[in-house]
Amino acid sequence: MNIRVQTLAFDPGAELNALHAANLGIGAVVGFVGYVRDFNEGREVGGMFLEHFPGMTEKSLGKIAEEAGQRWPLLNIEIIHRVGRLEPGEPIVFVGTSSAHRQAAFDACAFVMDYLKTRAPFWKKEDTAEGQRWVEGRCSDQAAAERWQKD
Amino acid sequence: MIRVQYFARYREALGLDGEQLNNAEDFATLDDLRQHLLARGGVWAVLAEQNLMCARNQELCSLAEPLAEGDEVAFFPTVTGG
């Protein structure tokens, strides 16, 4: 398990490859990369600042990764989340999961992202032509997280 | 003593990133503490928001969470990472 919260950029391809190199028993690696878009809620976005709660952020990501490891037979899991100033096109978040077979890796990766979006203490503040604005939480993100609580 | 922290839009609205309250015994739950802050009036009304989130000792919790001396609590708007 590897959790990183950092201001530095990262290379999603290198992270994905590293997840496999660690273990020849791995049959499947799934990676998700979230990027800064240049458009949101009807306005052009020139960049953003990501605030977080140092300490709680790392703890909550660790807890989410641990829960994924309890639910699925994962061989490895990595979460990288950037904070601070970000420009359109830059990767914000990487979640990589590896497993012997694909389904566990797919499901665990989706689970981690759904929980991260609703439980990890990050807040986006976007730059628009009208000034800066805080991004509001989405109901669809809540619904996505709740689907993992049904079974 | 209880340490309280505010984040993101709340921190900006309050003009404050945190404070220490010395009367921990007055607050049985996190909601008691919130009511105390709301009673300050003005900008503090932001803590009445429906989608307010809170944490006790860096773990998400509900407003019904019991409080104890030495706790660290935080109030913040809906998280928007990822």
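Guide: The conversation below goes from the contact between two chains to single residues.

Visitor: Before anything else, what kind of model is this?
Guide: It is a predicted model.

Visitor: How many residues of chain B are in contact with chain A?
Guide: On the chain B side there are 22 residues, and they are in contact with 27 residues of chain A.

Visitor: And how much area is buried between the two chains?
Guide: The area buried between chain B and chain A is about 2,000 Å². Carbon and sulfur atoms give 56% of that area.

Visitor: Which three residues supply more of the area that chain B buries than any other three?
Guide: They are B:Gln58, B:Thr80 and B:Gly82, which supply 34% of the area that chain B buries against chain A.

Visitor: What about polar links across the interface? How many does the rule find?
Guide: The rule finds 13 residue pairs in polar contact across the interface of chain B and chain A, with both residues at pLDDT 80 or more.

Visitor: Which elements of chain B supply residues to the side that touches chain A?
Guide: At least two residues each come from α1 (8-14), β3 (53-56), β4 (59-61) and β5 (72-76) of chain B. The largest share, four residues, comes from α1(B).

Visitor: How do the residues on that side of chain B divide by type?
Guide: Nine are nonpolar, eight are polar and five are charged.

Visitor: Now salt bridges, please. How many are there across the interface?
Guide: Across the interface of chain B and chain A the rule finds four salt bridges. A search of the whole structure, over all chains, finds 18.

Visitor: Could you show me one between the chains?
Guide: A:Lys125 forms a salt bridge with B:Glu12, and their closest N and O atoms are 2.4 Å apart. This pair runs from strand β9 (residues 122-128) of chain A to helix α1 of chain B.

Visitor: Is A:Lys125 buried or exposed, and why?
Guide: A:Lys125 counts as buried because its relative accessibility is 13%, and the cut-off for buried is under 20%.

Visitor: Which residue of chain B forms a salt bridge with A:Glu136?
Guide: That residue is B:Arg9, with the closest N and O atoms 3.5 Å apart. A:Glu136 lies in the loop between β10 (131-134) and α4 (139-146) of chain A, and B:Arg9 is in helix α1 of chain B. At 43% relative accessibility, A:Glu136 counts as partly exposed.

Visitor: What about salt bridges inside chain A?
Guide: The side chains of A:Glu87 and A:Arg85 meet in one, at 3.0 Å from N to O. A:Glu87 is partly exposed at 34% relative accessible area, and A:Arg85 is partly exposed at 38%. Together with A:Asp127, these two residues are linked in a network of salt bridges.

Visitor: Changing topic: where is A:Glu126 found?
Guide: A:Glu126 is found in strand β9 of chain A. At 4% relative accessibility, A:Glu126 counts as buried.

Visitor: Which side chain does it join in a polar contact of 2.7 Å?
Guide: The side chain of A:Glu126 joins that of A:Asn40. Leaving aside neighbours within four places in sequence, A:Glu126 is also in contact with other residues, including A:Val45, A:Met48 and A:Arg133.

Visitor: Lastly, how many residues does helix α2 of chain A have?
Guide: Helix α2 (residues 56-71) of chain A has 16 residues and reaches 22 Å from its first C-alpha to its last, close to the expected 22 Å. Among its buried residues are A:Met56, A:Leu61 and A:Ile64.

Definitions and conventions
Residues numbered from 1 in each chain as written. Chains lettered and ligands numbered in written order. Predicted model: local features only at pLDDT ≥ 70, side-chain atom pairs only at ≥ 80, totals over all residues. Heavy atoms only, no water. Expected span 1.5 Å × (residues − 1). Buried < 20%, exposed > 50% of the residue type's maximum accessible area, 1.4 Å probe, protein only. Contact = heavy atoms within 4.5 Å. Buried area = accessible area lost by both parts, 1.4 Å probe. Polar contact = N/O pair within 3.5 Å; in protein donor to acceptor, adjacent residues only side chain to side chain. Nonpolar A, V, L, I, M, F, W, Y, C, P; charged D, E, K, R; others polar.
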